[in-house]
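Hello,

Here is the structure for your set. My notes follow below.

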Amino acid sequence: MKHINKFFLWIIVLVLLHLIVFCAGFFGPYDYTAQDRGYPYAPPTHLHFIDGNGEWHLRPFVYALDTDETNFGNYRERKDRRYPLGFLVDGRAYRIAGIFSCHTHLFGVTAPGRIFLFGTDGYGRDQFTRLLYGGQISLVAGLLATMICLLTAMLLGGISGYCGGWQDAVLMRLAEVFLALPWYYLLFAARACLPLALSPNLTFLLVVMVIGLVGWARPARLVRGVVLSGKERNFVHAARGFGASPWYLLWRHILPQTFDVLLTQASILVPQYILAEVTLSFLGLGVAEPTASWGNMLGALQQYHVLVSYWWMALPAFMLIPVFFCYYLLSGELRKRLQVMVI
């Protein structure tokens with residue numbers, strides 16, 4: 001019961017994290033592509049409850065920011081301009097799941113006030129909004145790449161384990177080749193062979209396909225082992241005796257036995273593939289501007305003055321920590337649950 005409670009706890013946490021990211025338009029106050037050249041590298045906005053006169057306010061507020069013309073990137077708060085923070089405010093239109101149009105945002109301040117919870121980048125774009133929209137790219141890339149990888153592994157591992165013979169020999173030798181190669185270098189080489197001048201959507205799909213197809217070997221070997229054991233079960237022999245075809249036996253009776261292993265592999269592979277997309281985009285081989293992803297947002301840190309002067313530009317890297325932490329804890333709970341089922 002304790003393991004089951006932890007299992008559902010981490011699932012709930014992950015669902016909430018993904019829900020916040022996928023509803024980026026609601027939680028983010030601005031358009032992630034909107035530039036405000038008057039606020040380059042603005043620091044995170046401070047929320048205040050006490051004004052300059054020492055008076056308390058129930059509703060938090062922000063002060064207007066003025067740039068320091070003598071020192072680029074420095075700002076000061078104007079105590080004479082106060083903008084209360086509003087909730088469920090009207091703003092720019094956005095789409096939920098790309099279908100439903102909406103214009104309500106969780107929070108915001110009235111113009112000309114600005115609120116930058118995580119600061120801005122060199123173009124004055126709100127980092128908090130871009131972090132949420134960038135999470136859509138990075139998280140979806142990890143999920144889709146994992147799906148492609150596991151479907152390929154289930155197909156090839158199932159054929160290898162069930163058919164045996166030369167099919168098994170060829171597929172397993174091919175898997176050993178993929179396991180022997182450093183997959184990050186293989187990933188870079190495969191992506192480098194693709195054209196660089198592509199639309200953001202096509203680039204995203206190609207990156208996901210490359211990431212997903214590179215890592216199929218290890219889960220395929222696990223699937224093969226389960227299939228080798230499963231095809232010798234009594235109910236499989238009984239179904240074969242009643243005239244069931246090999247494909248029916250494979251898809252109806254044998255491959256369902258691999259679902260627990262594949263689910264555990266999914267919880268391990270998703271953070272790895274998120275990191276792969278972040279790495280490719282960081283190096284300029286993945287999703288490019290103006291589309292936001294955690295990788296190309298971190299690409300600004302390749303400039304030394306950004307790295308040492310604007311700490312908030314590294315916040316996408318810190319966002320990876322809770323995501324990876326939850327996935328790895330979930331994988332641990334799945335392994336424990338699988339061991340209990342086997343015993």
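The mean positions of the 26 positive and 19 negative charges of the chain are 13 Å apart. Lys and Arg count as positive, Asp and Glu as negative; His and the chain ends are not counted. Each charge is placed at NZ of Lys, CZ of Arg, CG of Asp or CD of Glu.

This is a predicted model: local features need pLDDT of at least 70, side-chain atom pairs count only at pLDDT 80 or more, and totals for chains, interfaces and linings use all residues. Residues are numbered from 1 along each chain as its sequence is written, and side-chain values use heavy atoms, without hydrogens and water.

The chain has 13 helices and 5 strands (DSSP runs numbered from the N terminus: H or I, at least four residues, for helices; E, at least two, for strands). Of its 343 residues, 44% count as buried (under 20% relative accessible area, 1.4 Å probe, protein chains only).

The largest nonpolar core has 30 residues. A nonpolar core is a set of buried Ala, Val, Leu, Ile, Met, Phe, Trp, Tyr and Cys residues joined through side-chain atoms within 4.5 Å. Helix α3 gives the largest share of this core, 7 residues. Leu-187, Ile-211 and Val-227 have the most contacts inside the core. A second, separate core of 28 residues includes Tyr-41 and Leu-330.

Gln-127 lies in helix α3 (residues 127-163). Gln-127 counts as buried because its relative accessibility is 4%. Leaving aside neighbours within four places in sequence, its contacts (heavy atoms within 4.5 Å) include Asp-121, Met-297 and Trp-312.

Best wishes

Definitions and conventions:
Buried means under 20% relative accessible area, exposed over 50%, partly exposed in between (1.4 Å probe, protein chains only).
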